[in-house]
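Hi,

Here is the structure I promised to pass on. Have a look at it first, and then read my notes below.

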Amino acid sequence: MKRTLLGAALTAALLAAGTPAAAPAAPTASTPPNATALAESWQPPLSTRGRYIVDANGDRFKLTSANWHGAQGSWNGSGDMADPANHHDAEKSDQLPLGLDRAPLATILADFHALGINSVRLPFSNEMLHDQRPVPDAAVAANPALRGRTPLQVFDAVIAETTAEGFAVVLNNHTNTSRWCCSLDGNERWNTSQTTAQWEADWLFLARRYKDNKRVVGADLYNEVRRTITDDANWGWGDDHDWWAATQRLGDRLLTEANPDLLVVVEGINWQGIPADGLPHGRPTLEPARTLSHTLVASDKLVYSAHFYGYTGPNHTGATGTGETHDWRYQELSRDDLFATLDRQAFYVAADTGRHYTAPVWISEFGIGADETDPKARAWFGNFVDHLIARDTDFAYWPAVGFTGHGRWKLLDYDTQGRRSGILDGADWRAPHWSRLVTAPGRTGQVPVAETWDMLNLDHADAVQSPRARADGDWDSGARKGVCPDGQRLIGLAHRDGRGLCTDAGAPRLAAPTGGFTVVKDERYVKEGDWATGYTKLQCPQGQFMTGYSVRGQAVSGVLCAPASRALPVTGRTLWFDRGDNRPPGGPGGEFAQGNYKGQCATGEYAAGIAFTGAWAKGKTPDALLCRTL
């Protein structure tokens, strides 16, 4: 029976009553050797530099992960929930990470070490967070110390022990309700069976709950966003089904209100359209990020993710029989076509450097059964592993743990006596692929600080991505405002619709560490000559550069200027873009305002002003930038 999720009152009660386990202590002489080695190999918190995730020392930390599922629910959605037969693969999880009834937690974690992973994606449901009933004793039979606890309290214990062993943990909001994903199940979107406000409140609650445990490194905001019976999620439309806007807002809230150390993981849209021949349908994954990416208040905290399974396809749901279309499955593509498709849908995000969308890509689900006999499926898995290795891509296998005799997708199975079988034990055709994946050479050691490019999207709301500017309050009430992340400068602007491009390229520490912003709404600072005759010019004071702007409708309203850490030259040029694009060769930073004219200063310049006119048919839209030499 589906339970009703309670609201903020219960969230507050959980904070008061359900104290999480303490953050793990440093390894001691009694800590298992594998745990000591892993814990000492990386230092939290994690952040990003270009396409790589790095630890606190700036060393590359590749997410070599597996999914420990169960806390998101296992019920198939019909029949008696108490009957294991009505759960996926008859593996009844009781809203707990799977296997706690069969093997001690320490044993499971030792087996994780043997797998060669360094991190765990830990799915959960929103319903689980609010369930105050003690878990059945049978659900933790192999871990009797966990008896009498709520599912969330068991989750706490699992996280504490997992991180104490040196593993990084990424929390994954998998479902609204506690049931198996993924179909037309009421869990298609973050807000299908609950409100967006509740989704945000639950995430803030969890981020604060584990804030002191620095090895809880990431928040994977929602799993496989997809179509309901009647409508699709979208990327940038500005409505309550806008996945881009929802994740942009929540990511910023997590970093500013709950835990600034977290990585924010955003998965692409998993499915849009009606899967029927002749109707538009497909799997967008991360393709929309090419022209509309996220810019968080901390631009080094974004990780994109995607899921790939051989039996699905770029336009194939994975269905067989009813609901199946005549589109290609991934496992039916040639090796070259597969690689090209993977790159187009997701891997390009990490492969393309110097773009507003450049970020680490985490393939946070992929997998195949040990009992798979189809040659095409087996070839797909080998090819997919090849591509992960060739691209040096972060990954998480689905799933890590299961029950012996209940399906063969898992890496580790445990029988009712706690005896292990699976990829580490005997004949498993996947084992050579897994071994070469987890031992493959890749980038290690120090990762240089990369030049950063970010875009600002004012299509439907403000994009004030500077914590300093946020702290100063509303600097142009009633207008839509865009401000670059701290440490960056505005370098490009669209002629219409209010999009902008930010960077620190060519001047990584341009902003002065102290000093307030200057809001400019008139021509008082135009003192070095008329650089756009007949046009209104909003120009920064000498020694300052543009870091933000505001619009009312399409019309320019104001400019926000930041003081520089050094003297700035005043020699420059007028860059017009009212009749076509005017950008440096190659378009550094990428396409940030598709369908609109764009102006962009050179990487060795800074923007010092905007020109516009209210003449007939002009509408006061940005027409020119004042670009000055750095």
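W243 is in contact (heavy atoms within 4.5 Å) with W190, W199, L221, Y222, V225, N234, W235, V266, E267, G268 and I269, leaving out residues up to four places away in sequence. W243 is also among the residues that touch the most other members of the largest nonpolar core, along with W68, L100, F112, F155, L171 and L221. That core has 146 residues. By nonpolar core I mean a set of buried Ala, Val, Leu, Ile, Met, Phe, Trp, Tyr and Cys residues joined through side-chain atoms within 4.5 Å. Buried is under 20% relative accessible area, exposed is over 50%, and partly exposed is in between (1.4 Å probe, protein chains only). Helix 8 (residues 335-351) gives the core its largest share, eight residues. There is also a second, separate core of 15 residues, with A507, W531, A611 and A624 among them.

Before the rest, some housekeeping. This is a predicted model, in which local features need pLDDT of at least 70 and side-chain atom pairs count only at pLDDT 80 or more, while totals for chains, interfaces and linings use all residues. Residues are numbered from 1 along each chain as its sequence is written, and side-chain values use heavy atoms, with hydrogens and water left out. Helices (H or I, at least four residues) and strands (E, at least two) are DSSP runs, numbered from the N terminus.

On confidence: pLDDT is the predictor's confidence in each residue, from 0 to 100. The chain averages 92, and 95% of the residues score at least 70. The part to watch is residues 1-30, where pLDDT stays under 50 and the model has 50 contacts beyond four places in sequence. Where pLDDT is low, the predicted coordinates should not be read in detail.

Back to W199, one of the contacts of W243. W199 is one of the buried residues of helix 6, and the others are Q198, E200, D202, W203, L204, F205, L206, A207 and R209. With 10 of its 14 residues buried, helix 6 is largely enclosed by the rest of the structure. Helix 6 (residues 196-209) reaches 20 Å from its first C-alpha to its last, close to the 20 Å expected at 1.5 Å a residue; the expected span is 1.5 Å times one less than the number of residues.

Most residues other than glycine have a negative phi, and most peptide bonds are trans. Two cis peptide bonds to look at: one joins P44 and P45, with omega about 0°, and another joins W398 and P399, with omega about -15°. P45 lies in the loop between helix 2 (33-41) and strand 1 (47-49), whereas P399 is in the loop between strand 12 (394-397) and strand 13 (401-403). As for positive phi, D94 has a value near 55° and lies in the loop between strand 3 (64-67) and helix 3 (105-115). D392 also has a phi near 55°, and its place is the loop between helix 9 (375-391) and strand 12. D392 is buried, at 10% relative accessible area.

Further along, which strands pair with strand 23 (residues 544-552)? Strand 18 (residues 480-483) runs antiparallel to strand 23 over four bridges, with K481 opposite S550. Strand 24 (residues 555-563) is also antiparallel to strand 23, over eight bridges, and there Q544 has P563 as its bridge partner. Pairing here needs at least two DSSP bridges between the strands. The hairpin of strands 23 and 24 has two residues between the strands, and G553 takes a positive phi near 65°. Eight of the nine residues of strand 23 are buried.

Strand 19 (residues 489-494) has six of its six residues buried. Four bridges join strand 19 to strand 20 in the antiparallel sense, with L493 partnered by G500. Five residues separate the two strands in this hairpin, and D497 in the turn has a positive phi of about 75°. Strand 19 also pairs antiparallel with strand 26 (residues 598-600) over three bridges, where G492 has Q600 as its partner.

Last, T503, which lies in strand 20 (residues 500-503). T503 is buried at 0% relative accessible area, and its side chain reaches the backbone oxygen of T452 at 2.8 Å. Beyond its neighbours within four places in sequence, T503 is in contact with T452, W453, Q488, R489 and I491.

Cheers

Notes: Polar contact = N/O pair within 3.5 Å; in protein donor to acceptor, adjacent residues only side chain to side chain.
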